[in-house]
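Hi,

Here is the structure I said I would pass on to you. Have a look at it first, then read my notes below.

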Amino acid sequence: MQVKRFTDSSIFLEHVEAVLMEEELLNNLPLGVLYRLIEDERSPDTYFLASVDEGDQPLLIMLQTQSHLILSASSDAASEKLAACCDAAAAYISHLNDVHIPGIIGIRRVADAFAEAWKRNVKQDYETEMDQRVYGCSEVKPVPVSPGNCRLAAHTDAALITTWIQEFCEEALGGISEKAAEGMALSGIDRSAIVVWDDGGPVSMAQKTRPTRHGAVVNMVYTPRHFRGKGYASSCVAALTRSILDGPGKFASLYTDLSNPVSNRIYMNIGYEPLADSVVYVFRAHASS
């Protein structure tokens, strides 16, 4: 096993894209992030890209642009081989001075293998930050449509979208600054990525993000509390999903928090099918010897 680190996102994509495309929908996170890195021409000083290879074949793929390390593995990496890859990766990262890994995210079998390797090599315990499920949709089911209509968010909605993003993050992710929320709102509006359900004014929102070759992800689904229970989120997500599938996309995907059975049920009613479980782990105290 050999760990290879990359400083050019385009070269890294050339190296790992075929492996990630084996399961494009399940690998929408690393693929979407990589495509965005290349599009934005982000500085290589701001992220970590690496793979663990057997010969010329990448078996474990690692990508960090913000806090958590995103993980993916080739279908050729069975349990023992995956464990060896994760041991090699953990040992390699532990000797880097410019890389800090506070946590990881990935499909459960990959995240579990890496977390155990990190515990063995770095002597840190891990705990679950969020249990997630990855869903895919290739056809929207007929669902009741709430009063109103779906439209692109406009710059006149920016202040409201900023507030909603802060409220969404407070509920789902633990909070975000107003400046960061405003940046996300303006970016989403500029990219024609955020839609709102409008019933005499905006009542719900959703965003299309991380486009890959054959699909896109729906995220940031949010309805303020005083508008909930009226089907606005279902109508908004169904409309956005339909627009993805009516375009070049063959599938839409999304991640859910397994602790929220309401949202999981809503998405399945729209036509999303559960495909795999994903997990977010954070590394905490030192493991006991």
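Ring pairs tie Phe-114, Trp-118 and Phe-283 together into a cluster. Rings of Phe, Tyr and Trp (its six-membered ring) count as a pair if their centres lie within 6.5 Å; planes under 30 degrees apart are stacked, over 60 edge-to-face, and the rest tilted. Before you go on: this is a predicted model, where local features need pLDDT of at least 70 and side-chain atom pairs count only at pLDDT 80 or more, while totals for chains, interfaces and linings use all residues. Residues are numbered from 1 along each chain as its sequence is written, and side-chain values use heavy atoms, with hydrogens and water left out.

Back to the rings. The structure holds 7 aromatic pairs. In one of them, the ring centres of Phe-114 and Trp-118 are 5.8 Å apart and the planes sit at 25°, so this pair is stacked. Both residues belong to helix H4 (residues 108–122), 4 residues apart, which is about one turn of the helix. (Helices, H or I with at least four residues, and strands, E with at least two, are DSSP runs numbered from the N terminus.) Phe-114 is buried, with a relative accessible area of 0%, and Trp-118 is buried too, at 5%. Buried means under 20% relative accessible area, exposed over 50%, and partly exposed in between (1.4 Å probe, protein chains only).

Now for helix H1 (residues 9–20). Which of its residues are buried? They are Ser-9, Phe-12, Leu-13, Val-16, Glu-17, Val-19 and Leu-20. Looking down the axis of H1, these fall within an arc of 150°, so they line one face of the helix; the arc is taken from the directions from the helix axis to the C-beta atoms. On the other side of H1, Glu-14 and Ala-18 are exposed. The N-terminal end of H1 is capped by Asp-8, with a side-chain oxygen 2.8 Å from the backbone nitrogen of Ser-10.

Last one: Thr-212, in the loop between strand S9 (202–209) and strand S10 (215–222). Is Thr-212 buried or exposed? Thr-212 is buried, with a relative accessible area of 12%. Its side chain makes a polar contact of 2.8 Å with that of Glu-24. A polar contact is a pair of N or O atoms within 3.5 Å; within protein, one must be able to donate a hydrogen and the other to accept it, and residues adjacent in sequence count only if both atoms are side-chain atoms.

Cheers
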